[in-house]
Amino acid sequence: MKYLSNEKLLIVGAGGMIGSNMAQTALMLGLTPNICLYDIFEPGVHGVAEEMYHCAFPGANITWTVDPEVAFKDAKYIISSGGAPRKEGMTREDLLKGNCQIAAEFGDLIKKYCPDVKHVVVIFNPADVTALTALIHSGLKPEQLTSLAALDSTRLQEALAQEFGVPQSTVTGAYTYGGHGEAMAVFASKALINGKPIAECKLSDEKWAEIKHNTIQGGSNIIKLRGRSSFQSPAYNAVKMIEAAMGGEKFTWPAGCYVNCDKCGFKNVFMAMPSVIDADGVHFTAPQGTAEEMADLKASYEHLIKMREEIISLGIVPAVADWNKENPNL
């Protein structure tokens, strides 16, 4: 089997459902034979490793550990789902304090054991502030660390495809930006439905409001249907993000990026933007939309500022003016 890279990919939180799916997906896509599975729960991560061994992927060199030094040492790519999952009735923001403390420890481990890592994807909620926390603590450059944001856009794409009875892949230009949470900004004014502008598709205001609501609540719906938070879709998209960073197919769904952009009007936050991930990291551009869409994005940004200020008040990250002392790249 031909692999895209031989460099070490570390999967943090590998004993969970997202982590185990990421391990299998990475091997099925042929990213690298050298995958390390790390979790603090020994039976879980051991069990996942055994399952991977039983798949008998040709040439695979799968290791597992509960020792962070062993896990992080020499890692060149990392995906972390190592936070507490969301349960029914919870918002992503309900996980803020505990998961941001985990993200701080995660960033510290990167700085200590693998400062030469090439790309990191953070996917545990609330992803906008866990990724920001990890970036500040890790010392990495902003283009080296991204968070998962694509699921909001793929849920919007699915809803529009179902409404108009077309294959999902033929819905293009419909994305969500800003926060990965209840305050996300939904952009569909430039969407094409099987090549036809959405403005010509006779979508009522009531139906659009329903689609927008269902997109924002897409994660909650999975919890209601399956009794647990999403795991297959975040695993797949996170692995595709790392694949792009390894030099494979570019990832063009929105990614959570560190944004400090005077032109955009967004400063010192992590948020979903129009972006591309490739072997040089993540690159973003400013979103463009209607006045209503841009107002929603501004409101989402303001929500992210509030969450940022909360983790500062908790002492998880320093005040913005002091970030450069922790991470000279900021």
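How many bridges join strand 7 to strand 10, and do the two run parallel or antiparallel?

Modeller: Happy to! Two bridges join strand 7 to strand 10 (residues 192–193), and the two run antiparallel. First, the ground rules: this is a predicted model, in which local features need pLDDT of at least 70 and side-chain atom pairs count only at pLDDT 80 or more, while totals for chains, interfaces and linings use all residues. Residues are numbered from 1 along each chain as its sequence is written, and side-chain values use heavy atoms, with hydrogens and water left out.

Strands here are DSSP runs of E with at least two residues, and helices are runs of H or I with at least four, numbered from the N terminus. Two strands pair if DSSP finds at least two bridges between them. Across the pair you asked about, Thr172 faces Leu192 of strand 10. Both strands belong to an open antiparallel sheet of three, ordered 7-10-11. Its edges are strand 7 (171–172) and strand 11 (196–197), each pairing on one side only.

Elsewhere, the pairing is parallel. Strand 5 (residues 119–122) is joined to strand 4 (residues 77–80) by four parallel bridges, with Ser80 opposite Val122. Strand 5 also pairs with strand 6 (residues 145–148) in the parallel sense, over three bridges; there, Val121 has Thr146 as its bridge partner. In a regular strand, side chains alternate between the two faces of the sheet. Strand 5 is covered on both faces: His119 and Val121 on one side, Val120 and Val122 on the other, are all buried (under 20% relative accessible area, with exposed over 50% and partly exposed in between, for a 1.4 Å probe and protein chains only).

Now for the nonpolar cores, which are sets of buried Ala, Val, Leu, Ile, Met, Phe, Trp, Tyr and Cys residues joined through side-chain atoms within 4.5 Å. The largest has 88 residues, and Leu37, Phe72 and Ile78 have the most contacts inside it. Another core, of 17 residues, lies apart from it and includes Val166 and Ala191.

Glu293 is buried yet has no salt bridge, and the nearest side chain of opposite charge, Lys190, is 7.3 Å away. A salt bridge would need a side-chain nitrogen of Lys or Arg within 4 Å of a carboxyl oxygen of Asp or Glu. For charge, Lys and Arg count as positive and Asp and Glu as negative, with His and the chain ends not counted. The Glu293 side chain does reach the backbone nitrogen of Thr290, at 2.9 Å.

Conventions:
Polar contact = N/O pair within 3.5 Å; in protein donor to acceptor, adjacent residues only side chain to side chain.
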